[in-house]
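Hello,

Here is the structure for your files. My notes follow below.

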Amino acid sequence: MKQEMLLKADIKEGISAMENLNEMQCVCFQMECISAYQRLGRYGDALKKCHEVERHFYEITEDQFDFHTYCMRKMTLCAYVDLLRLEDILRRHAFYFMAAKSAIEICLKLYDNPLTNERKQEINSENLSAKELKKMISKQRRAQKKAKLEEERKHVERERQQKNQKKKRDDGEEESSGIKEELISEKLEKVENPLEEAIKFLTPLKNLVADNIVTYLLAFEIYFRKGKFLLMLQSVKRAFAINSNKPWLHECLVRFSKSVSVHSNLPDIVSKVLSQEMQKIFFNRDLESFNEDFLKRNTASLQHLLSGAKMMYFLNKSRQEKAFAVATRLDETIKDKNVKSLIKVSEALLDGSLGNCSSQYEEYRTACHNLLPFASAFLPTAIEVHSPTVALNYPANYDVLANEI
């Protein structure tokens, strides 16, 4: 990464920037790495950083044992009480929550779409011209060469870490708890049970971040894939008590109710509990009416409209055109036409949440680019940017503003 190359200038020779920052417990840098790796689809590297952040919080707790005796010896009781309170809520810190959230999201993606051993991209040669096919093959070769160089760099870094660990053991600096398991990106992204790994990160959040609705929505996503209906009910009920109008929660409620209706072989006691509790949320409305009411209440919010459109298509595939029209509204009444919301809509057009919308995606991207011309997510391709027709669509002071940025 470019940041790692820049940081090498401030680190003594012979130690990699990543290794040094990890030893210094520079969590803010690691959080940025997690976000970057997650956007790039390098899930193994992102999980490695998530585990490193988790280890930092464990080490912080372990390092406080010496401070206990110091406080009692010096009678600094106020500081000692503050320390005890901190240890009780240490994993409520925003950095831990963000790392755990990213780790759970990645584990869910790996469960839904497990990585193959070869990780090769398939090329549909029938829909590509000879020039485009040649370009695609060349691009893949460059990517393979880059991946090979990256693998060699990681191998060298692992050897250096092993030497450092061996030196520490020889010097007697290694902790009595034993050597920590080495974190290998390739191994982490091919874990046998991603959902169990996700639960390991979820448990501290349920205990310490119980006032955040995202905790329960992440819990629902895990239990939904495990088929745990009572735990799903517990998650949506607690989320509903915090914010009943959250778009993500609406999707969870519709998917949950649909899943319950499909599974008719549940035990009687479980079915009775589910029926009683869901009555308090849906009030005898069918799912399509429930979704339409949600859309009517949130006509000015793009994120709410997107969630409603997804569930419209989920409940009735024949309403794809209507769902697409709802999700891609960009009129003046929409209040949250920001980069984050527009990117979510773009991702939904590509991932199948609204059906096959690949042909409409380019039109929507162009509309978003006209609305936010400097957003990199909606920039045209290199050929389009340098064409005279697209250049006319840029503001007159585009070059000046670009230089200032």
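**Contacts and rings**

L202 is in contact (heavy atoms within 4.5 Å) with I104, T215, A219, I222 and Y223, leaving aside residues up to four places away in sequence. This is a predicted model: local features need pLDDT of at least 70, side-chain atom pairs count only at pLDDT 80 or more, and totals for chains, interfaces and linings use all residues. Residues are numbered from 1 along each chain as its sequence is written, and side-chain values use heavy atoms, with hydrogens and water left out.

L202 sits in helix α10 (residues 194-208); helices are DSSP runs of H or I, at least four residues, numbered from the N terminus. L202 is buried, at 1% relative accessible area. Buried means under 20%, exposed over 50%, partly exposed in between (1.4 Å probe, protein chains only). L202 and A100 are 102 residues apart in sequence, yet 7.0 Å apart C-alpha to C-alpha.

Now the rings. Phe, Tyr and Trp (its six-membered ring) pair if their centres lie within 6.5 Å; planes under 30 degrees apart are stacked, over 60 edge-to-face, the rest tilted. The count is four aromatic pairs. F57 and Y96 are edge-to-face, with 5.3 Å between centres and 70° between planes. F57 is in helix α4 (residues 43-63) and Y96 in helix α7 (residues 94-112), so the pair ties together parts 39 residues apart in sequence. Both F57 and Y96 are buried. F282 and F290 are tilted: 4.7 Å between centres, 55° between planes. F282 is buried at 6%, F290 at 8%.

Regards

Note on methods:
Helices (H or I, at least four residues) and strands (E, at least two) are DSSP runs, numbered from the N terminus.
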